[in-house]
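Hello,

Here is the structure I promised to pass on to you. Have a look at it first, and then read my notes below.

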Amino acid sequence: MANLKEIRGRISSISSTMQITSAMKMVSASKLKRAQDAIVMLRPYSEKLQEIIQNVNSSSDPDKVSVYAQKRESKRILFIPITSNKGLAGAFNSSIVKELNQQLAVNADKDIEILTIGKKVYDAVRRTKTVYDNQSSILDHLSFDLVANLTEVVMKDFVEGKFDEVHLIYNKFVNAATQVVQTEQLLPISMPEVSETQVDTDYIFEPNRNDILDNLIPKSIKTQFYKAILDSIASEHGARMTAMHKATDNAQALKNELVIYYNKARQAAITNEILEIVSGAEALKNS
């Protein structure tokens, strides 16, 4: 049986760990509220943008296809995995690395490039793969303008033929306890299909329909990229809050077990001391 000093030290250490994990849980909960509000507000905008593109596309020139919608033989693919710069978030980061490895295995016969967003995926990938670019710093001061600038670089590379496809890999935020790994094609875009029952409304467009599409499509691509990053950030805080909650509960359970163990050890030590005193007193009587 361990001595009482060692047990007290372990109890003290676990109590300190509980304070840290509990504080991290509260910080993540605070950040989750802001991140959740951001992604919830952006989703309707993204959906409405797609609806506008569909309406305009329904009456545009069918022979003119946007350069961002042109499909080519898939020989060169760019994967953009999105993780966090920090750990202690359960399986949040490892699930993205796992999905990326699966995608690399499926497309082993093609030329693959990787653009990482998040230090965790960058550290996991750079040991075995060549990283095309690392934009982890974008998470430190995230803004739509920074994401838009990065998206323009990716779009330019796609148009110039450096890549035939571009895919995002990220955690889609469902709620604080649930994140779903998504592999989503960013380029070429899939133009919304026009329903056969859709009413052909006679709109007056200024400028013409094709010019409007040429402006809306790049904005939609940038919004899709930005939405994926916001989804990932909200998922990160949800996963970390859940992980720290479980860690706090596990630490409390372990602490309770150690307290019981300590009390039993202390009781046994006191009992031994009493027996020694009684034995000594009996020996003095008999002498």
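Where is the place of L88? L88 sits in the loop between β1 and α2. Helices (H or I, at least four residues) and strands (E, at least two) are DSSP runs, numbered from the N terminus.

A word on the background before we go on. This is a predicted model, in which local features need pLDDT of at least 70 and side-chain atom pairs count only at pLDDT 80 or more, while totals for chains, interfaces and linings use all residues. Residues are numbered from 1 along each chain as its sequence is written, and side-chain values use heavy atoms, with hydrogens and water left out.

L88 is exposed, because its relative accessible area is 55%. The cut-offs are these: buried means under 20% relative accessible area, exposed means over 50%, and partly exposed is in between (1.4 Å probe, protein chains only).

N85 is found in the loop between β1 and α2 (92-106). With 18% relative accessibility, N85 counts as buried. The side chain of N85 makes a polar contact with the side chain of D140, at 3.2 Å. A polar contact is a pair of N or O atoms within 3.5 Å; within protein, one must be able to donate a hydrogen and the other to accept it, and residues adjacent in sequence count only if both atoms are side-chain atoms. A polar atom of the N85 side chain also lies 2.9 Å from the backbone nitrogen of K119.

**S136 and its surroundings**

Which residues does S136 touch, not counting residues up to four places away in sequence? They are N85, T116, I117, G118, K119 and Y122, where contact means heavy atoms within 4.5 Å. S136 belongs to the loop between β3 (133-134) and α4 (144-159). S136 is buried, because its relative accessible area is 4%. Its side chain makes a polar contact with the side chain of N134 (2.6 Å), and a polar atom of the S136 side chain lies 3.3 Å from the backbone nitrogen of K119.

**The nonpolar cores**

A nonpolar core is a set of buried Ala, Val, Leu, Ile, Met, Phe, Trp, Tyr and Cys residues joined through side-chain atoms within 4.5 Å. The largest one has 42 residues, and those that touch the most other members are I80, I117, V166, L187, I221, F225 and I229. At least two residues of this core come from each of α1, β1 (76-81), α4, β4 (165-175), β5 (178-187) and α5. Its largest share, 13 residues, is supplied by α5. There is also a second, separate core of eleven residues, with I77, I114, V131 and I169 among them.

P188 is in the loop between β5 and α5.

**The largest pocket**

How much space lies in the largest pocket? The volume is about 460 Å³. Of its 16 lining residues, K31, K86, E236, H237 and R240 are the closest to its centre. α1 (4-57) and α5 each supply at least two residues of the lining.

On a 1 Å grid over the protein atoms alone, a pocket is an open set of points where a 1.4 Å probe fits, with protein on both sides within 12 Å along at least five of seven lines; lining residues have an atom within 4 Å of a point. Grid points are joined across faces, edges and corners, and a volume is the space filled by probe spheres set on the points.

**One more residue on α5**

K255 lies in helix α5 (residues 209-286). K255 is partly exposed, with a relative accessible area of 24%. K255 and R10 are 245 residues apart in sequence, yet their C-alpha atoms are 8.4 Å apart in space. Leaving aside its neighbours within four places in sequence, K255 is in contact with I11, I14, S15 and M18.

Enjoy exploring!
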